Amino acid sequence: MAGKRRFDDPCGVARALEVVGERWALLVVRELLLGPKRFTELSRGLPGMSQNVLSQRLRELEESGVVRKRRLGPPVSATAYELSEVGRLLDPVLIALATFGSRLPLPPTDTPMSADAFVLALRTTFDAQTSTDGSFELRIDDDSFHASIHDGRFEIARGSATRPDATLTGSVAALRSVVFGGRPLGEDIRVDGDRKAVERFVRLFPRPQPMTDADAQHSARQSA
């Protein structure tokens, strides 16, 4: 990894940043948290990133042992990228960063949110105190996820659900506006199955209030 910046600091944080501190690196990891993806799928989930930069970041992450290549089997034979065992250690790091970032103001942008970013937002905002058990399939754009809630625990993974209580089909934008924008379910989201369960499900992810200057000052006083 010649040419990469080094901190010359023995701290574990510094050593980690030498591997995943380059621009876009952690967002590439975000797109791989729920399983392998082909290059084109990664590029689609990171529309603001050029394919040349994506190739470079994948090469660096592979050299660092964070990402590895995998051959996908039938019916489609293709090369994909996935997180290694070491790379999967970054899951709680991404959760913590997403939780912190959810308290910051939304930037003005027309860049669409990827399905994996939306799923990460669900993981960081789930309210276990108001949850009830259930199983759901989310068909988001060209991807599918199965979500389950049991004993106050929320789990979600890529792939279809087995006999879900309900299935939601829609775009990231439509689901995001319902879950985080408070908009009622409409025609742009198809619901198959228990609609009442879906109405409860989409209200289990309260959007965090943005951090204000007063919050920051209070936090600083608490840590002083």
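Modeller: Let's start with a rule for reading sheets: two strands count as paired if DSSP finds at least two bridges between them. Strands (E, at least two residues) and helices (H or I, at least four) are DSSP runs, numbered from the N terminus. This is a predicted model, in which local features need pLDDT of at least 70 and side-chain atom pairs count only at pLDDT 80 or more, while totals for chains, interfaces and linings use all residues. Residues are numbered from 1 along each chain as its sequence is written, and side-chain values use heavy atoms, with hydrogens and water left out.

Biologist: Thanks! What joins β2 to β3?

Modeller: A hairpin of 5 residues makes that link. Strand β2 (residues 67-72) and β3 are antiparallel partners over 6 bridges, and Lys69 stands opposite Tyr81 in β3. On its own account, strand β3 (residues 78-83) is mostly covered, with 5 of its 6 residues buried (under 20% relative accessible area, where over 50% is exposed and in between is partly exposed, using a 1.4 Å probe and protein chains only).

Biologist: Which residue in β3 is the bridge partner of Lys37?

Modeller: The partner is Tyr81. Lys37 lies in strand β1 (residues 37-38), and 2 bridges connect β1 with β3 in the antiparallel sense.

Biologist: Is Lys37 buried or exposed?

Modeller: Lys37 counts as buried because its relative accessibility is 6%. Its side chain makes a polar contact of 2.7 Å with that of Asp116. Here a polar contact is a pair of N or O atoms within 3.5 Å; within protein, one must be able to donate a hydrogen and the other to accept it, and residues adjacent in sequence count only if both atoms are side-chain atoms. Leaving aside residues up to four places away in sequence, Lys37 touches (heavy atoms within 4.5 Å) several residues, including Glu31, Leu42, Ala80 and Arg158.

Biologist: In what order do the 5 strands of the open sheet come?

Modeller: As a general idea, strands of a sheet pair through backbone hydrogen bonds, either parallel or antiparallel. In this model the order is β6-β5-β4-β7-β8, with mixed pairing. The edges are β6 (153-158) and β8 (190-193), each of which pairs on one side only. Strand β4 (residues 134-140) and strand β7 (residues 166-170) run parallel, joined by 5 bridges, and Arg139 stands opposite Thr169 in β7. Helix α6 (residues 115-125) packs on this sheet and touches β4, β5 (143-150) and β6.

Biologist: How do the axes of α2 and α4 cross?

Modeller: Axes are lines fitted to C-alpha atoms, for helices over the stretch in contact, and angles run from 0 to 180 degrees between N-to-C directions. The axes of helix α2 (residues 25-32) and helix α4 (residues 51-63) come within 10 Å and cross at roughly 80°. The two helices are therefore roughly perpendicular (65 to 115 degrees; under 35 is roughly parallel, over 145 roughly antiparallel and the rest oblique). In this contact, Ala25, Val28 and Val29 of α2 meet Leu54, Arg57, Leu58 and Leu61 of α4. These residues divide into 6 nonpolar (Ala, Val, Leu, Ile, Met, Phe, Trp, Tyr, Cys and Pro), no polar (the others, Gly among them) and 1 charged (Asp, Glu, Lys and Arg).

Biologist: And how close do the axes of α5 and α6 come?

Modeller: The axes of helix α5 (residues 91-101) and α6 come within 9 Å, crossing at roughly 80°. That makes α5 roughly perpendicular to α6. Among the residues in contact are Leu94 and Ile95 of α5 and Leu120 of α6. By class, this contact has 4 nonpolar, 2 polar and 2 charged residues.
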